Amino acid sequence: MTKKIVVIGGSAAGAKAAAKARRLDEFADITIIQKAPDLSMASCGYPYYVGGVFNDRSQLLCTPAGVVRDPVFFQKAKKITALVETEVTSINRSEKQVCCRNLKTREERTVVYDKLIIATGARANMPPIPGIDLIGVTTLLSMADTDYLRSVRDAQQVKRAVVIGGGLIGVEACEALQESGIQVTVVEAVDQVLTFLDRELAQLVENHMRAKGARVLTGIGVKEFVGENGRLAGVKLADGTVLECGLAVMAIGVRPNSELAREARLTLGKFGGITVDTHMQTSDPDIYAAGDCVEIPSRITGEPVFAPMGDLANLEGRVAGENAICGNTVTFPGTVHTGICKVFDYAAGSTGLSEKAAERIGLAGYTTVVNASPDKPGFMGAKILISKMLVDREQRILGYQCVGLGDVSRQIATAAMAIQGQLKISDVVNADLPYAPPFSPAIDHFVTAAHIMQNKLKGRMTGIGVREVWEKIQAGEKPFFLDGRNPNEYEEMHLGIGEALIPLGALRSRLADLPADKNAEIVCFCKISLRGYEAECILRAHGYTNVKVMEGGIMAWPYPRKK
Ligand SMILES: Cc1cc2nc3c(=O)[nH]c(=O)nc-3n(C[C@H](O)[C@H](O)[C@H](O)COP(=O)(O)OP(=O)(O)OC[C@H]3O[C@@H](n4cnc5c(N)ncnc54)[C@H](O)[C@@H]3O)c2cc1C
């Protein structure tokens, strides 16, 4: 008998589920019901269209072969009926049918299903801030938002914009608008942007954003949108400051769009997402769900999480589509919390647990290490990456973050696989990764991080984080700071925290310049702290007992420096 598959939502998860179902059953009757006018939108590409990285809007909707994925394409290429601008208004589980309404004609109809797949995505968080309905206040979530922002860019009338929220979408919106010649201020309520990073790495990102001309205000919220004649004129902050602007982008996160499921009495989780099992099956065996509307397990804690990411939406949709056709034959195991974001010339990525997240879940006995080192040999145009690795007490890699100008994506991808494979430091220190100078140094940055971690775990290196050093300075403590670089490097750039410049090559002959008390605290560093580590080795051998290496060196230092 012909199977009737109905999919609600026709973007990432929905379109993927429908396509997978078709590949597995040529004769199934498959219908996508999509509220938006478009299908299969590449929403992750919206900021790059807004920012003018490409100018052909249809590229957001095309197959790799350049065909727009519209209802005709779905019908011809996939034999899938796609009803666009059609909203599902209710699910009748006992009759196994959905009610929907054409948003143009207002015509209503019912569509019956054998298996239903819900892929309704997420909604933007829009708190009731006064003035939020003014013209000029928008989100960056839909194609309509994207068209609006692109029209603002093209009109070149707006000179200043405020982006509210320093998460992934906020940071990408900041770049897009700033690169369009608009002066952008990012306002973030918590004390850092990109909360998937630990604070000291996020501060490096903030510094980079500022270097590119954007303003970044953290630790302050928005009180009001101030209008003139119904149009946005400014954003009033909690301290009363008004930032004049003609555009504000609300990017303070999303929540699952699960109202239909709630009304149909499907089980929801604690984040309001639809509860699914590993088959992406909801509490009704005839209904699957996938994408931003669901909660999935964390592969690290086992707890359900809300992980609204495009890669996950596609993977989940694929599993839902297969199970809807074949019965529950495939599973989706959950997320290791992997994400990446471009920030002008920088990139920032993370997988697994940050230190902050480890603290939050009460993980005991973990160790972290920071590595600053190049992504390629110097002669191939090396760029410095700064990463932070976290292992549990069994030395299993549980977290990895990386920021910098170089190839962050490769690092995060390698780390994500290490975490999913539950690899330990001993597995990674001799990892055979692809090497040739155009792509990486002989020992890849990620493997170097594992080497530093191993040194630390074996007690060969005592690390201290830049944040701890900064806090010591703020508290008036005065460890002996040893900068092991050469005078010309020092002239170019230095911290100015009272450090003594003792080039590594001269250290053995200048021990008299160090504190007479061999138990005094000495903090060694250099540009990336490789020479800092070698200085530690020398000093230890000469009987100094309290020597530390400032992890990541000057490159990981996000605080003000003298030069
Ligand atoms: C600007 C931006 C940048 C992003 N960048 C990244 C990135 O770099 N990496 C990454 O991993 N993720 C990124 N994401 C997140 C990613 O786009 C989402 O996780 C993904 O699109 C979710 O897919 P989905 O199918 O679950 O939901 P959506 O893509 O939101 O699609 C849901 C669809 O359901 C339809 N719908 C809703 N309700 C109904 C209804 N009642 N009836 C019929 N149809 C309905 C909507 O019209 C919508 O098109 C980004 C998102 C945005 C907005």
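1. The model is predicted, so residue-level detail is limited by confidence: local features need pLDDT of at least 70, side-chain atom pairs count only at pLDDT 80 or more, and totals for chains, interfaces and linings use all residues. Residues are numbered from 1 along each chain as its sequence is written, and side-chain values use heavy atoms, with hydrogens and water left out.

2. The ligand is surrounded by 33 residues, of which Ala13, Gln34, Val88, Asp292 and Gly310 are the closest, a residue being near when one of its heavy atoms lies within 4 Å. The shell divides into 18 nonpolar, 10 polar and 5 charged residues, where Ala, Val, Leu, Ile, Met, Phe, Trp, Tyr, Cys and Pro count as nonpolar, Asp, Glu, Lys and Arg as charged, and the others, Gly among them, as polar.

3. Helix 6 spans residues 199–211, and its 13 residues reach 18 Å from first C-alpha to last, close to the 18 Å expected at 1.5 Å a residue (1.5 Å times one less than the number of residues; helices are DSSP runs of H or I with at least four residues, strands runs of E with at least two). Its buried residues include Glu200, Leu204 and His208, buried meaning under 20% relative accessible area, exposed over 50%, and partly exposed in between. Just after helix 6, glycine 213 takes a positive phi of about 105°.

4. The structure holds 32 salt bridges, each a side-chain nitrogen of Lys or Arg within 4 Å of a carboxyl oxygen of Asp or Glu. In one, glutamate 87 and lysine 35 meet at 3.6 Å, N to O; glutamate 87 lies in strand 4 and lysine 35 in the loop between strand 2 and helix 2, so the pair ties together parts that are 52 residues apart in sequence.

5. Arginine 410 and aspartate 444 also form a salt bridge, at 3.0 Å, N to O, which links helix 10 to the loop between helix 11 and helix 12, 34 residues apart. Arginine 410 counts as buried at 17% relative accessibility, and aspartate 444 counts as buried at 4%.

Terms used
Buried means under 20% relative accessible area, exposed over 50%, partly exposed in between (1.4 Å probe, protein chains only).
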